[in-house]
Amino acid sequence: MIDLTGNVALVTGSSRGIGATCAMRLAEAGADIVLNYCTSRTAADKVAEQIQALGRRVAVVKADVSERDDIESLIEFIEDHFGRLDIVVSNAASGGFRSMMSITPTNFVGTMKTNVLAMIQLVQVASRLLEKSPGRAKVIGLSSHGANMAVPMYGCVGGSKAALESFARHLALELGDRGINVNIVRAGLVATDSTSNLPYADMMFEGRKWRSMTGDRFVEKEDVANAVLFLASPLSDMVQGETLTVDCGAQVHV
């Protein structure tokens, strides 16, 4: 049983989907939660109600994590209201689905700011709190198969996820001796509001049947959240700079 009682966890982009499920899983393990959203306040409030029902402290904070000023305000809020920060889950993502030939400089920069720079700046700003964690503090980024596989209309997002994984390794190198672990969870295809809008989604979800190594059970949001929980816990203290893939073995199936 993983016990995170007393820990404070920030989960970005946690009003819905995998982010919301990660926040709930950490709360179930005993952590107090800071929910971050950018546009979906109503959805974030619903998640907060569920966390409160577990008896945990919870705060809902609007912040665009692609912007340094918003990150600084977010971390300042956490320090003022919770006094500590032990776990950061960098889940917020953007980019849209488009061909490589239609990517614009604006789209590229926006995607990289939200999907890559956000985690870097979160760590930069929050490091002074993370270093004070009684145990090893944990930073976990959320990646996807687009980091190492070509997925139709996913080039910009996929490229940003590959960059995220690389930056996580370098952050781990620099922060490991300061009591901070940095790791990545790379999720396979999971049914969410976002993936339902992915071009050729029906074909890709159908294809899971032939690529799975776990029979007819496929990856769900809860499976990704369980991997995040492991990396957020003391059980992963010796796991550093790694990318943990959760995909039913689809990545290694040929």
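## Basis of the description

In what follows, axes are lines fitted to C-alpha atoms, for helices over the stretch in contact, and angles run from 0 to 180 degrees between N-to-C directions. The model is a predicted one.

## Packing of helices H4 and H5

Two packed helices are described by the angle between their axes and the distance between the axes. For helix H4 (residues 105-130) and helix H5 (residues 155-175), the axes come within 10 Å and cross at roughly 20°. Because angles under 35 degrees count as roughly parallel, H4 and H5 are described as roughly parallel to each other, and their crossing is right-handed.

On the H4 side, the contact is made by Asn 107, Phe 108, Thr 111, Met 112, Asn 115, Val 116, Met 119, Ile 120 and Val 123. H5 contributes Cys 156, Val 157, Gly 159, Ser 160, Ala 163, Leu 164, Phe 167, Ala 168, Leu 171 and Leu 175. By class, the residues of this contact between H4 and H5 comprise 14 nonpolar and five polar ones, with no charged residue.

## The parallel sheet

An open sheet is formed by seven strands, which follow the order E3-E2-E1-E4-E5-E6-E7 with parallel pairing. Strand E3 (58-62) and strand E7 (243-246) each have a single partner strand and stand at the edges, so one side of each lacks a neighbour in the sheet. From one strand to the next, the twist averages 20°.

Within this sheet, strand E1 (residues 8-11) pairs with strand E2 (residues 32-37) in the parallel sense over four bridges, and Ala 9 stands opposite Ile 33 in E2. E1 is also joined to E4 by three bridges, again running parallel, with Val 88 in E4 as the bridge partner of Leu 10.

## Strand E4 and its surroundings

Strand E4 (residues 87-90) is in turn joined by four bridges to strand E5 (residues 137-144), with which E4 runs parallel, and Ser 90 stands opposite Gly 141 in E5. In a regular strand the side chains alternate between the two faces of the sheet. In E4, Ile 87 and Val 89 point one way while Val 88 and Ser 90 point the other way, and all are buried.

## The chain as a whole

The secondary structure of the protein comprises seven helices and seven strands, which run from the N terminus as β-α-β-α-β-α-β-α-β-α-β-α-α-β. Of the 254 residues in the protein, 52% are buried. Among contacts with a separation of 6 or more, 75% involve residues 24 or more positions apart.

How values were computed. Residues are numbered from 1 along each chain as its sequence is written. This is a predicted model: local features need pLDDT of at least 70, side-chain atom pairs count only at pLDDT 80 or more; totals for chains, interfaces and linings use all residues. Side-chain values use heavy atoms; hydrogens and water are left out. Helices (H or I, at least four residues) and strands (E, at least two) are DSSP runs, numbered from the N terminus. Angles under 35 degrees count as roughly parallel, over 145 as roughly antiparallel, 65 to 115 as roughly perpendicular and the rest as oblique. A crossing is left-handed if the near helix is turned anticlockwise from the far one by less than a right angle, and right-handed if clockwise. Contact means heavy atoms within 4.5 Å. Ala, Val, Leu, Ile, Met, Phe, Trp, Tyr, Cys and Pro count as nonpolar, Asp, Glu, Lys and Arg as charged, and the others, Gly among them, as polar. Two strands pair if DSSP finds at least two bridges between them. Buried means under 20% relative accessible area, exposed over 50%, partly exposed in between (1.4 Å probe, protein chains only).
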